[in-house]
There are 2 protein chains.
Amino acid sequence: MTAEIICVGTELLLGDILNTNAQFLSRELAELGISVLHEHVIGDNPERLRELVRQACRRSDLLVFSGGLGPTEDDLTKETVAEAFGDTLHFDEEEWDKILAFFARTNRTPTPNNRKQAMVPTHGHKIPNDHGTAPGAWFEDSQGHCAVLMPGVPREMKAMWTEQVRPALQKRQNCTIHSRTLRVLGGESSIATKVAPLFESTNPTAAIYCKTGESEIRVTAREATAEAAERACNAYLQKFRDILGDAAYDVDVPALEYTVVRVLREKGLHAATAESCTGGMIAERLTNVPGSSEVFGYGFVTYAEAAKQRLLGVDAALIERYNVVSGPVAVAMAFGAARASGAELAVGITGLAGPGGALPGKPVGTVYLAGADARANTGWLLRLALGGYHERSIIRTRAALYALDLLRRMALGLPVPDGMAVTPQTPPEESNI
Amino acid sequence: MTAEIICVGTELLLGDILNTNAQFLSRELAELGISVLHEHVIGDNPERLRELVRQACRRSDLLVFSGGLGPTEDDLTKETVAEAFGDTLHFDEEEWDKILAFFARTNRTPTPNNRKQAMVPTHGHKIPNDHGTAPGAWFEDSQGHCAVLMPGVPREMKAMWTEQVRPALQKRQNCTIHSRTLRVLGGESSIATKVAPLFESTNPTAAIYCKTGESEIRVTAREATAEAAERACNAYLQKFRDILGDAAYDVDVPALEYTVVRVLREKGLHAATAESCTGGMIAERLTNVPGSSEVFGYGFVTYAEAAKQRLLGVDAALIERYNVVSGPVAVAMAFGAARASGAELAVGITGLAGPGGALPGKPVGTVYLAGADARANTGWLLRLALGGYHERSIIRTRAALYALDLLRRMALGLPVPDGMAVTPQTPPEESNI
């Protein structure tokens, strides 16, 4: 099956909003095994829309629309597609009642134009919208071409797609699909070279999406039954895990901090943070996880040298001797945070996020990350080289990601790649790291 | 002039990447007064591309391409457009030398396919690429239609656009443009109703872009000379400022924290943060501004009750009496942070970010924000109702924005809307706020 995605809206043509709907629908259609040939954005112009629908119908089996279902007179998408598919629209009392109820709930008054939104296909069918006012519409012509019209508001569109359109298309594709997303630390190029052949499969499929310092690998299996799809998906996912090892940190989680909070909770551990260059980002990420208060109580943002001394007990002489951006200071910060908070695990981080401030032998992007394990009075020190990117926010984001990963590794007893074992009593010599 | 944007790339059709190029080009063309009729995404399929170019040329004066200039055999965009515009390509020694030098610098070896990238238009002209290997191409047919081909990598495309394509189009449009972006606190609906008529102007134009808790208003003037455009732009911007007052906090800054850091620096002041529900977000935002160490040294993430007591000196009896999520605790946190850090200004914030944890009379989204001004031993307390959104990260982001704005207002001596004046000695009664 082939498809085209058509997003309707002048605000898209003006660049007022970013078209995230097109990406969402592209991914979803790819997962269903439907080839997208062309994506379009057009305004509310019935003539151009008519011409586009006529052409797209000739090329493709399925047209997926988002937007153009609003109440204003400009919004003629439904009327135009109905005409192109030889269908008509009629007024649907049930939808109108839902629209009236929606306006009553939000203390607003519908305009006569809102009646347009209650018009539904006569030969095709409406698609109920449980998350907004405008129902969607499904048209079908005599040659089996379909057009699916959904709202433009991303929240409403995604809900309608997931709850109603996708299951209907799956049935037509005569399969069920199962997807899972593996999250992996490391850049796309380093990951992709290790697992390149796994991306060549057509079922299950695998796609990689890059984020800062990590990647998502989405595996999708299409099978006749839900059980078979799930089994095939999990088996294929395992192939990635076998190759990627503990860099593959979790499945179907929004971000690394969710894994860290879960692991800490499972192990009955607490974490504290002492941040200089990341300025609170590690704490912010941990506390964005609901329920994180069970495992995180204290975060120290010690941006000034005096703050490192007063809040974490970092010795002024240590700073004087090694510089504030140094391994010994990171170690002292981490153990100081563990001491001041009573947490079993803590991280300390100091570095040069730029743009200015490079030191001899320490270019922008140099970050010292230490982890303290108060249970054994030992820890880890890493020297990270995150420059080359040169952008302050990216250096900080990558540094925070390493810190979260260090907490995960200490909690799980995993090896710390390129990490140097340390204790609070003996500051490591700079030359060793 | 009318235009179409054509993004070439299978990875876009698969949803592997988000199409930010289309939004960038849409905004830029709108600013130049060029109407975008249609945006397309297509794969590397010469037949479909040829058909599209043929149609788009009939409809529009200008075709703006991104992507399809890569070295692989699939990348036939340049060849296809050349043919459609009755042009040919020839090998350009200078471009080839640049490509060879680029490979040498990055320790890689070019493939024979890379020679394709050195092919440039014969009647049209090449567009040098100072940020990557592939030059762009400019084609023009006998009827004055143009096609501009740029790389797909956003960084390379944006640089080529800004440095070369945009100035050339401006010359054709026979005007210069000047844009400025006003940043305003408050949601789009509340702002838009106040300044709605100002968005109707066609020159200068104004467009509003919503962010969480704030909006950007971009004003663009087109005039014959640069001075006239700048003058018209600034005059129109002032109309917005006159209506929006001090909610309009700055012009041409990336975010509120940049304004806060600038204002603190100008006033010779320092700020400290004591965060519970925002978990470090305020500190993280402040420290993302280069040079923020001049004005910010101490951030306390006191997620646990014990942390509020130990680090900020919040009285356990106060927490017992009022609850940890309360105005008196926020006030004690703010003054505690000022005391512990020595900063002149501090904010304290405690609230319910959800999803669970609602208290009687305090639904999810209830946030107490206090500001301490140690110079006068007075401050402000606000009770924010950020629920209704129900999403933890949005509640936190909006709360942090209010906190940053409170720092700005205290530093500038601006009124604090809905704020209640407080002192550290007399905890406010809960019933008053």
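Hi everyone, let me start with one residue: B:Ser26 is buried, at a relative accessible area of 1%. Before I go on, please keep in mind that this is a predicted model.

So where does that serine sit? B:Ser26 is part of helix α2 of chain B, which covers residues 20-31. And what is B:Ser26 in contact with, once we set aside its neighbours within four places in sequence? From chain A there are A:Leu12, A:Leu13, A:Leu14 and A:Gly15, while chain B itself supplies B:Ile5 and B:Glu39. The 1% value falls under the 20% cut-off, and therefore B:Ser26 counts as buried.

Chain B puts 59 residues into the contact, and chain A puts in 58. For those of you who like a single number, the size of an interface is often given as the accessible area lost when the parts come together. Here the area buried between chain B and chain A is about 4600 Å², and carbon and sulfur atoms give 54% of that.

One of the salt bridges links B:Arg396 with A:Glu284, and their closest N and O atoms are 2.9 Å apart. There are also 37 residue pairs in polar contact between chain B and chain A, with both residues at pLDDT 80 or more. As for the make-up of the side of chain B that touches chain A, by class we have 28 nonpolar, 21 polar and 10 charged residues.

Let me move on to a glycine. A:Gly70 lies in the loop of chain A between β3 (62-66) and α4 (77-84). Is A:Gly70 buried, exposed or partly exposed? Its relative accessible area is 21%, so A:Gly70 is partly exposed. Not counting residues up to four places away in sequence, A:Gly70 touches A:Asp75, A:Lys116 and A:Gln117.

Going from A:Asn203 to A:Pro204, the peptide bond is cis, with omega near -5 degrees. A:Pro204 belongs to the loop between α7 (188-195) and β10 (205-211) of chain A. In chain B, the peptide bond from B:Gly354 to B:Pro355 is cis, with omega near 5 degrees. You will find B:Pro355 in the loop between β15 (345-351) and β16 (366-373) of chain B.

Finally, positive phi values. A:Asp418 is not a glycine, yet it has a positive phi of about 60 degrees. This aspartate is in the loop between α14 (392-412) and β18 (420-422) of chain A, and at 76% relative accessibility A:Asp418 counts as exposed. In B:Asn323, another residue other than glycine, phi is positive and near 85 degrees. B:Asn323 sits in the loop between α12 (316-322) and α13 (327-341) of chain B, and is partly exposed at 27% relative accessible area.

Key. Residues are numbered from 1 along each chain as its sequence is written. Chains are lettered from A and ligands numbered from 1 in the order in which they are written. This is a predicted model: local features need pLDDT of at least 70, side-chain atom pairs count only at pLDDT 80 or more; totals for chains, interfaces and linings use all residues. Side-chain values use heavy atoms; hydrogens and water are left out. Contact means heavy atoms within 4.5 Å. Buried area is the accessible area (1.4 Å probe) that two parts lose on being put together, summed over both. A salt bridge is a side-chain nitrogen of Lys or Arg within 4 Å of a carboxyl oxygen of Asp or Glu. A polar contact is a pair of N or O atoms within 3.5 Å; within protein, one must be able to donate a hydrogen and the other to accept it, and residues adjacent in sequence count only if both atoms are side-chain atoms. Ala, Val, Leu, Ile, Met, Phe, Trp, Tyr, Cys and Pro count as nonpolar, Asp, Glu, Lys and Arg as charged, and the others, Gly among them, as polar. Helices (H or I, at least four residues) and strands (E, at least two) are DSSP runs, numbered from the N terminus. Buried means under 20% relative accessible area, exposed over 50%, partly exposed in between (1.4 Å probe, protein chains only).
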